[in-house]
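I opened this entry to record what I looked up in the structure.

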Amino acid sequence: TRSIPHQVPAPKSADGPRDKSSDLIPGQFASRRSNNSTGGKTKASPLHMICAALRGALLQPPILAQVVSIIIGFIDPVREFIFARDTFMASVMEAPRLFSMSLVPLVSVMLGASLGFKLLKTKRKDLFGGNIHAVGISRRTLVVMVLGRMVLMPAMYFVLIYLIEDYLPNDQLLVLVLIFENVVPSANMSVIISTQVGQLDAAELLSLGMVHQYLLGIITLPLWCFAALSVVL
């Protein structure tokens, strides 16, 4: 019969049981100690997290479309080739041109759908914020969000435009556009992007906040228009 070699157990130290990590080579011991300290997961660096967030944002269709359109707008030969009427691209661009006419209605439908789902889960007394567990946002946070977007940010932007008006081109329409683009409510595209990335609760909260912005805009928009015209004229 084949004899089984006798294994001599390692001697135990006087201080207690033998440490199994002594059987590992130094590299393996350092790797195990690192995994134990981080719960078995490798912690990503801040730079890696920022790059991953930017990559995820740029791959979203609305953001990607804006980046591509900016690049095309800055390159004259490409812009003239794509939007020329005497090339084959005219027929190719006709389909996106037809689809673009329905963009604003579709975004409005998405905003209304997100708001509708939010209203189905919200009591009437919580429409202006309240129970953070039921609505998802407190009344104070909602007031800060709406006032900050419709009052505070336009005021800061208006003061900035007023201070640098002498350095801008002598174009009244340019000054009006610079002021008007920051006094309107938040863009509906934020609801689309939130829905696209699967943040349905965030989309519903954004739609609820936009409704309050529109209601407050009945008062603030005429005031900001009057202030902008008083600066330009």
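I counted 11 helices and zero strands in the protein. Helices here are DSSP runs of H or I with at least four residues, strands are runs of E with at least two, and numbering starts at the N terminus. Read along the sequence, I get the pattern α-α-α-α-α-α-α-α-α-α-α.

A note on the source: this is a predicted model, where local features need pLDDT of at least 70, side-chain atom pairs count only at pLDDT 80 or more, and totals for chains, interfaces and linings use all residues. Residues are numbered from 1 along each chain as its sequence is written, and side-chain values use heavy atoms, with hydrogens and water left out.

Next I looked up burial. Of the 233 residues of the protein, 22% count as buried. Buried means under 20% relative accessible area, exposed means over 50%, and partly exposed lies in between, with a 1.4 Å probe and protein chains only. I then checked contacts, meaning heavy atoms within 4.5 Å. Among those between residues at least 6 apart in sequence, 60% join residues at least 24 apart.

**Helix pairs**

I started with α3 (residues 61–74) and α4 (residues 76–83). Their axes come within 5 Å and cross at roughly 105°. Axes are lines fitted to C-alpha atoms, for helices over the stretch in contact, and angles run from 0 to 180 degrees between N-to-C directions. The angle makes α3 roughly perpendicular to α4. Under 35 degrees counts as roughly parallel, over 145 as roughly antiparallel, 65 to 115 as roughly perpendicular and the rest as oblique. Ile72, Gly73 and Phe74 of α3 make the contact with Asp76, Val78, Arg79, Ile82 and Phe83 of α4. I sorted the residues of this contact into five nonpolar, one polar and two charged. Nonpolar covers Ala, Val, Leu, Ile, Met, Phe, Trp, Tyr, Cys and Pro; charged covers Asp, Glu, Lys and Arg; the others, Gly among them, are polar.

Then I took α6 (residues 103–120) and α10 (residues 189–196). Their axes come within 9 Å and cross at roughly 65°. That makes α6 roughly perpendicular to α10. Val107, Met110, Leu111 and Ser114 in α6 meet Met189, Val191, Ile192 and Thr195 in α10. This contact holds six nonpolar, two polar and no charged residues.

How do α8 (residues 139–163) and α9 (residues 172–180) pack, and at what angle? The angle is about 155°, with the axes 9 Å apart. So α8 is roughly antiparallel to α9. Tyr157, Phe158 and Ile161 in α8 meet Val175, Leu178 and Ile179 in α9. I found six nonpolar, no polar and no charged residues there.

**Nonpolar core**

The largest nonpolar core has 12 residues, among them Phe158, Ile161, Val175, Leu178, Ile179 and Trp224. Such a core is a set of buried Ala, Val, Leu, Ile, Met, Phe, Trp, Tyr and Cys residues joined through side-chain atoms within 4.5 Å. The elements giving two or more residues to this core are α8, α9 and α11 (200–232). The largest share, five residues, comes from α11.

Gln213 is found in α11. At 3% relative accessibility, I log Gln213 as buried. Leaving aside neighbours within four places in sequence, Gln213 is in contact with Val146, Arg149, Met150, Pro185 and Ser186.

Thr220 also has its place in α11. I log Thr220 as buried too, at 9% relative accessibility. Not counting residues up to four places away in sequence, Thr220 touches Met150 and Val151.
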